[in-house]
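Dear colleague,

I am passing on the structure we spoke about, and you will find the sequence and the model just below. My notes on what was found follow after it.

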Amino acid sequence: MSLKRKAVELVATEAKKPKANGSITSFFGAPKSISTTAGVAPKESAQPKVKFDKDAWVANLKDEQKELLKLEIDTLHESWLAHLKDEITSAEFLNLKRFVKKEIDSGKKIFPPLEQVYSWSRHTPLNTVKAVILGQDPYHNVNQAHGLCFSVKPPTPAPPSLKNIYIALKKDYPTFSPPPKNGGLLTPWADRGVLLLNTCLTVRAHEANSHAGKGWERFTQKVIDTVAKQRTNGVVFLAWGSPAQKRTANINSQKHLILKSVHPSPLSASRGWFDCGHFKKTNEWLKQRYGEDAEINWDLNVQPEEAGE
């Protein structure tokens with residue numbers, strides 16, 4: 001398979017409920033007729049499209065809700081918004097948005113750029129999720145965070161934890177190629193069905209964990225729970241480090257595969273990370289459950305201009 005083409009998003013289509021050990025077509029649904037540029041297979045659908053009238057929902061919001069939720073209305077992919085709409089109108093989430101607004105109004109710089117806070121949802125619509133990688137806090141320096149955990153925007157070089165991820169990948173797949181120019185852009189994974197989700201979705205510039213405990217944890221747990229509930233045929237959760245493992249505590253391990261390891265950080269990687277084999281285990285499980293073409297192409301040798309935001 002050529003690696004240099006970008007996945008094309010498909011709107012979820014009506015599909016029959018797959019059988020227990022069905023094919024990849026029954027898992028993701030038959031793709032609609034689409035145009036592709038060269039390389040990664042198009043995204044496909046697993047469940048019937050949720051009936052959600054976004055315009056009607058927005059029209060029923062109060063004025064303050066519309067103001068506070070403008071980012072979610074404009075940038076959270078509709079496949080996720082349909083399931084998260086009640087959460088984002090909760091008192092807890094609205095208080096979180098008031099906090100973020102106060103930070104910005106007081107002159108604080110926030111990462112990632114606001115338009116990229118929900119980029120995980122646009123690169124990986126709910127109906128395309130095959131695997132979930134859980135991160136913690138967004139990178140807090142310039143030109144790093146862009147809404148996908150562990151991923152950094154070019155030309156920023158791959159941070160230490162991501163370099164350790166590459167080492168483990170190379171053990172699983174000796175032909176693995178990292179991004180060009182020592183980069184760390186992981187959008188190809190996201191475009192292939194790997195949900196790259198941080199626990200907190202924003203951070204104050206140069207202040208790690210500065211937005212922890214403000215409400216993002218509840219929201220992102222709802223995202224995780226939505227995947228576990230809606231992806232009824234099973235996905236793989238990769239939980240690296242005890243914080244991520246706690247996030248997967250209530251997931252049905254009979255339906256989904258939960259892979260646990262120490263975090264790839266240099267502080268803990270020597271305690272078993274490099275030999276965890278998670279990338280190959282993910283593909284073996286997907287292959288056994290859904291067939292050959294369910295495997296994830298982990299290669300990252302994609303030019304930045306081809307890899308999206």
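**Strands and their neighbours**

Strand β3 (residues 194–197) pairs with β2 in the parallel sense, and 4 bridges link the two. Within this pairing, Leu-134 stands opposite Leu-197 of β3. Strand β2 also runs parallel to strand β5 (residues 236–240), to which 3 bridges join it, and here Val-132 has Phe-237 in β5 as its bridge partner.

As for the side chains of β2 itself, which covers residues 131–134, Ala-131 and Ile-133 point one way while Val-132 and Leu-134 point the other way, and all of them are buried. In a regular strand the side chains alternate between the two faces of the sheet.

**Cysteines**

How many disulfides are there in the model? The count comes to 0 disulfides, taking a pair of cysteine sulfur atoms within 2.5 Å as the rule. Cys-200 counts as buried because its relative accessibility is 4%, which falls under the 20% cut-off, and Cys-276, with a relative accessibility of 7%, likewise counts as buried.

**Confidence**

Please keep in mind that this is a predicted model. The mean pLDDT of the protein is 86, and 82% of its residues reach 70 or more. Over residues 1–48, however, the pLDDT is below 50, although this stretch has 112 contacts in the model beyond near neighbours in sequence. Where pLDDT is low, the predicted coordinates should not be read in detail.

Conventions: Residues are numbered from 1 along each chain as its sequence is written. This is a predicted model: local features need pLDDT of at least 70, side-chain atom pairs count only at pLDDT 80 or more; totals for chains, interfaces and linings use all residues. Side-chain values use heavy atoms; hydrogens and water are left out. pLDDT is the predictor's confidence in each residue, from 0 to 100. Contact means heavy atoms within 4.5 Å. Buried means under 20% relative accessible area, exposed over 50%, partly exposed in between (1.4 Å probe, protein chains only). Two strands pair if DSSP finds at least two bridges between them.
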